[in-house]
Amino acid sequence: MTDYADTDRSEALRAHAGAQRPRRWRRTPALRDLVRETTLAPDDFVHPLFVVPGVGVRAPIVSMPGVEQLSVDQLAGEAGELAALGIRAVLLFGIPESKDAHGTESHAEDGVVQQAARALKDASPELVVTTDVCLCEYTDHGHCGLLAEDGYVLNDETLEMLGRIAVSHAEAGADVVAPSGMIDGMVGAIRAALDGEGHLDTAILSYAVKYASAFYGPFREAAEGAPAFGDRRSHQMDPANAREALREAALDVEQGADGLMVKPALGYLDVVRGLSERFPELPLAAYNVSGEYAMVKAAAGNGWLDERAAVLEILTGIRRSGADLVVTYHAKDAARWLQERA
Ligand SMILES: [Zn+2]
C-alpha cells in the first residue's frame with residue numbers, strides 16, 4: 001500500500017478535509033450497517049393481489065412482468081408463499097364477473113373480493129387482509145362513483161355505496177379497508193357504516209392523497225378498470241399541489257382515518273415527508289405504483305439497470321421519506337433479496 005501520509009503535499013491536503021471525516025463510518029460493511037438510518041424488512045411491505053373469477057387462473061399481466069391475476073383457489077398457495085417470505089399484508093383488488101352502471105358486484109356477498117378475503121383468512125388467519133374500496137373496477141363506465149348525466153362523479157350519492165362495500169369486505173374478514181376514490185367524506189361515511197354494523201375494529205387506511213397520475217397505466221390493464229371516457233381529474237389531485245395534500249389528509253384524520261396513504265410514491269416523496277411530519281401519530285403508507293414498477297422491469301429486462309440494487313434503493317428511499325408501509329409489486333422479490341442478504 002502506498003503511504004499517502006508521508007508527503008509534504010498530504011499535509012496541505014489534510015488541512016482541507018479537517019477533523020470531520022464522514023467517510024470513517026463508511027469504511028467497512030459492518031460500520032455502514034451499524035449507522036444505517038433507514039431499515040427495510042418484508043413486514044414493511046403490502047403485496048397487492050388482483051383477483052379474478054374462475055378456477056385455476058394465473059393470468060400474467062403483460063405490462064407488469066412477474067405480476068399475475070389470480071383466481072380465488074390460487075390464494076391459499078399465495079398466502080403460504082408470502083408467509084414464507086415474511087410478507088404479512090396484502091391489498092386486494094377484484095375484477096368482477098360482470099359490471100354495471102352502479103357497480104353492484106362491489107358489495108355482493110359472494111363478490112370476488114369477498115370470496116378472496118374469506119379464502120385468505122381461512123388459509124392464513126394471521127395475514128393482514130386489506131381491501132381496496134372503490135367503484136371503478138365494478139362500474140361499466142370505469143369511474144370511481146355513480147355518475148350524473150353529464151358524466152360528473154356524484155359525491156354524496158357515492159358515499160352510501162362505499163359504506164356498503166366496506167361493510168361487505170369487513171363481513172368477509174378484511175382487517176383493513178382502503179378507500180381509494182378521493183370522494184369527499186369517504187372516510188367518515190365508511191366509519192359510520194362499519195360502526196353501524198358492529199365492525200368497530202376494522203381499520204380504515206385512507207388513500208388520503210391520490211394524484212391524477214400517468215403512472216397508473218399498467219394497473220388499469222391489471223384491474224381492468226380504465227375509465228370508458230374522460231379521466232379522474234375531477235376527484236384525484238393535481239400533481240402540482242402539495243399544500244392541498246395536507247388539507248386532504250387533515251380531513252381524513254378528522255373523519256377517523258386510522259392510517260394515511262400517498263399514491264404514487266416516487267414523484268411525491270416530498271408529500272410523503274410532509275404527511276409524516278404533520279401526522280406523526282398515524283401510520284403512513286406509500287403506494288409504489290404499477291408504472292413505477294413497469295419502468296424498473298423494462299429497464300432491467302434490457303440490461304440497463306441492476307434490478308435488485310435499484311429496487312432495494314427505491315424501497316429504501318420511500319421508507320426514508322417517512323413511509324412506514326410500502327405497497328409494492330416488488331414485495332416478493334425484495335423480501336427474497338432481503339432474506340439472502342441477512
Ligand atoms: Zn376508483
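Predicted model: local features only at pLDDT ≥ 70, side-chain atom pairs only at ≥ 80, totals over all residues.
Residues are numbered from 1 along each chain as its sequence is written, and side-chain values use heavy atoms, without hydrogens and water.

Helix α4 spans residues 112–123 and helix α5 spans residues 156–172. Helices here are DSSP runs (H or I, at least four residues), numbered from the N terminus. The two axes come within 8 Å and cross at roughly 25 degrees. Axes are lines fitted to C-alpha atoms over the stretch in contact, with angles from 0 to 180 degrees between N-to-C directions. The crossing angle therefore makes α4 roughly parallel to α5 (angles under 35 degrees count as roughly parallel).

## The contact between them

From α4, the residues V113, Q114, A117 and R118 take part. They meet S168, H169 and A172 of α5 (contact means heavy atoms within 4.5 Å). By class, the contact holds three nonpolar, three polar and one charged residue. Ala, Val, Leu, Ile, Met, Phe, Trp, Tyr, Cys and Pro count as nonpolar, Asp, Glu, Lys and Arg as charged, and the others, Gly among them, as polar.

Side chains of opposite charge can pair when their charged atoms come close. The count of salt bridges is 17 (a side-chain nitrogen of Lys or Arg within 4 Å of a carboxyl oxygen of Asp or Glu).

One of them joins K332 and E81, at 3.3 Å from N to O. This pair links distant parts of the chain: K332 sits in helix α12 (residues 331–341), E81 in helix α3 (residues 75–85), 251 residues apart. K332 counts as buried because its relative accessibility is 15%. E81 is partly exposed at 34%. The cut-offs for relative accessible area are under 20% for buried and over 50% for exposed, with partly exposed in between (1.4 Å probe, protein chains only). K332 and E81 also belong to a salt-bridge network with R58, E68 and E78.

## Salt bridges: two local pairs

Within α5, E160 and R164 lie four residues apart, about one turn of the helix. Their closest N and O atoms are 3.4 Å apart, in a salt bridge. R164 is partly exposed, at 40%.

R233 pairs with D231 in a salt bridge, with 3.3 Å between the closest N and O atoms. R233 is exposed, at 60%. D231 is partly exposed, at 44%.

Note on methods:
Parallel < 35°, antiparallel > 145°, perpendicular 65-115°, else oblique.
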